[in-house]
Amino acid sequence: MKRYTMFVALLAFASTLAWSAEDGAAIYKAKCAICHGAAGEGKGTNPALKGTKMSEADITALVTKGAAGKKAPHGKGVAGITDDGAKAAAVYVKSLK
């Protein structure tokens, strides 16, 4: 019984990770891809995110808090993205190769 319970808990945890990754991809496509490209390659004067050296924490902070002296959306954070959504999108951005 103990093994069964551990298996169910592990399965639930693994499915949560997969859902978070998909959620991050959906958020990226809806909110970030328009400026940074569908594959994170960058567009125009907007920087590429693929292969960024920024940490997940730095990306999350930029999305949620913005950056001083930057135009919107980064000046005021990206509208409509929760802290959890920003973290999920950051995880997705770090996965871009």
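This is a predicted model: local features need pLDDT of at least 70, side-chain atom pairs count only at pLDDT 80 or more; totals for chains, interfaces and linings use all residues.
A residue is termed buried when its relative accessible area is under 20%. By this criterion, buried residues account for 28% of the 97 residues in the protein chain. Of the contacts in the chain between residues at least 6 apart in sequence, 48% link residues at least 24 apart.

The packing of helix 2 and helix 3 was examined next. Two packed helices are described by the angle between their axes and the distance between the axes. The axes of helix 2 (residues 56-65) and helix 3 approach within 8 Å and cross at roughly 135°. Helix 2 is therefore oblique to helix 3, since angles over 145 degrees would be needed for the roughly antiparallel class. The crossing of helix 2 past helix 3 is right-handed. On the side of helix 2, the contact involves Glu56, Ile59, Thr60, Val63 and Thr64, and these residues meet Asp83, Ala86, Lys87, Ala90, Val91, Val93 and Lys94 of helix 3. By residue class, this contact consists of 6 nonpolar, 2 polar and 4 charged residues.

When residues up to four places away in sequence are excluded, valine 63 touches Gly77, Val78, Ile81 and Ala86. The C-alpha atom of valine 63 lies 9.1 Å from that of alanine 89, a residue 26 positions away along the chain.

A pair of aromatic rings is described by the distance of the centres and the angle of the planes. The structure contains 1 aromatic pair, formed by tyrosine 28 and tyrosine 92, with a centre-to-centre distance of 5.4 Å and an angle of 45° between the planes, in a tilted arrangement. Because tyrosine 28 is situated in helix 1 (residues 2-36) and tyrosine 92 in helix 3 (residues 83-95), the pair ties together parts of the chain that are 64 residues apart in sequence. Tyrosine 28, with a relative accessibility of 0%, is classed as buried. Tyrosine 92 is likewise classed as buried, at 18% relative accessibility, a value to be read against the cut-off of 20%.

Terms used
Residues are numbered from 1 along each chain as its sequence is written. Side-chain values use heavy atoms; hydrogens and water are left out. Rings of Phe, Tyr and Trp (its six-membered ring) pair if their centres lie within 6.5 Å; planes under 30 degrees apart count as stacked, over 60 as edge-to-face and the rest as tilted. Helices (H or I, at least four residues) and strands (E, at least two) are DSSP runs, numbered from the N terminus. Buried means under 20% relative accessible area, exposed over 50%, partly exposed in between (1.4 Å probe, protein chains only). Axes are lines fitted to C-alpha atoms, for helices over the stretch in contact, and angles run from 0 to 180 degrees between N-to-C directions. Angles under 35 degrees count as roughly parallel, over 145 as roughly antiparallel, 65 to 115 as roughly perpendicular and the rest as oblique. A crossing is left-handed if the near helix is turned anticlockwise from the far one by less than a right angle, and right-handed if clockwise. Contact means heavy atoms within 4.5 Å. Ala, Val, Leu, Ile, Met, Phe, Trp, Tyr, Cys and Pro count as nonpolar, Asp, Glu, Lys and Arg as charged, and the others, Gly among them, as polar.
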